[in-house]
Amino acid sequence: MAERRSTPIASRRQPKQVRSAGLVAAILEAAIQVLAKEGAQRFTTTRVAERAGVSVGSVYQYFPNKASILFRLQSDEWRRTTEMLCAILEDRRRPPLERLRLLVHAFIRSECDEAEIRTALNDAAPLYRDAPEAHEARAAADHTVQAFMREVLPRVSDETRAVAGDLITTTLGAVGKDFSESSRTEEEIQAYAEAMADMFCAYLRSLRAAKRA
């Protein structure tokens, strides 16, 4: 029976000891394996416990239901992606458009490397996509993108910057997901990322040129 969308998705408690942290790590690693093998529809806490070699009760000590495990996997993925995005876009030692190019390459590669688990998590999205935790997890990335757009487009209107930032992030996410759904060679990944980076950089240059004109 499917769990209702109102089911709590936060972890029951956070591990405070090394042993407890190790148990949670083992549960999450097992969850990734089960999700990749079985998919979201056949993902259960029982299968996770079996793969981790622990009792179901041990899983429930930290995760009240399967939705909370799936949300933890998704929020961990959001955090990794956000940390990558922030580290690249906030590195002012490089010119803005060079940072954007590096981000596109890093993101496309990440999408391809984790395509299987991302697809499964996307199938499970209805369990947690509207939760407050989901919105909070994305806030840091939005803030960094907005700051980057102010830097790269200092003289355009706030509305234009907002549209440009949303267009780039939405396109990057949607196209990256679609591209990664098929197996790709190293050459294909490089060429595709470079072409997408060229497109984004040309778009931002055109906005800057239009404002100067």
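## Overall fold

From the N terminus on, the elements of the protein follow the order α-α-α-α-α-α-α-α-α, which amounts to 9 helices and 0 strands, where helices (H or I, at least four residues) and strands (E, at least two) are DSSP runs numbered from the N terminus. This is a predicted model, in which local features need pLDDT of at least 70 and side-chain atom pairs count only at pLDDT 80 or more, while totals for chains, interfaces and linings use all residues. Residues are numbered from 1 along each chain as its sequence is written, and side-chain values use heavy atoms, with hydrogens and water left out.

Of the 213 residues in the protein, 40% are buried, a term that stands for under 20% relative accessible area, with exposed meaning over 50% and partly exposed in between (1.4 Å probe, protein chains only). Among contacts (heavy atoms within 4.5 Å) between residues at least 6 apart in sequence, 74% join residues at least 24 apart.

| Helix | Residues | Span between end C-alpha atoms | Expected span |
|---|---|---|---|
| α8 | 23 residues | 33 Å | 33 Å |

In α4, 18 of the 24 residues are buried, so this helix is largely enclosed by the rest of the structure. At the start of α4, a side-chain oxygen of Asn-65 comes to within 3.2 Å of the backbone nitrogen of Ala-67. The buried residues of α8 include Arg-161, Ala-164, Gly-165, Ile-168 and Leu-172.

## The interior

A nonpolar core is a set of buried Ala, Val, Leu, Ile, Met, Phe, Trp, Tyr and Cys residues joined through side-chain atoms within 4.5 Å. The largest such core has 29 residues, and those with the most contacts inside it are Leu-100, Val-104, Ile-108, Met-149, Leu-153 and Leu-204. Two or more residues of this core come from each of α4 (66–89), α5 (96–113), α7 (132–152), α8 (158–180) and α9 (186–212), and α9 gives the most, with 8 residues. Leaving aside neighbours within four places in sequence, Met-149 is in contact with Arg-161, Ala-164, Gly-165 and Leu-204. Apart from this core lies another, of 20 residues, among them Val-24, Val-34, Tyr-62 and Ala-120.

## Cysteines

Cys-86 counts as buried because its relative accessibility is 15%, and Cys-201 counts as buried at 1%. The structure holds 0 disulfides, a disulfide being a pair of cysteine sulfur atoms within 2.5 Å.

Definitions and conventions
Expected span 1.5 Å × (residues − 1). Polar contact = N/O pair within 3.5 Å; in protein donor to acceptor, adjacent residues only side chain to side chain.
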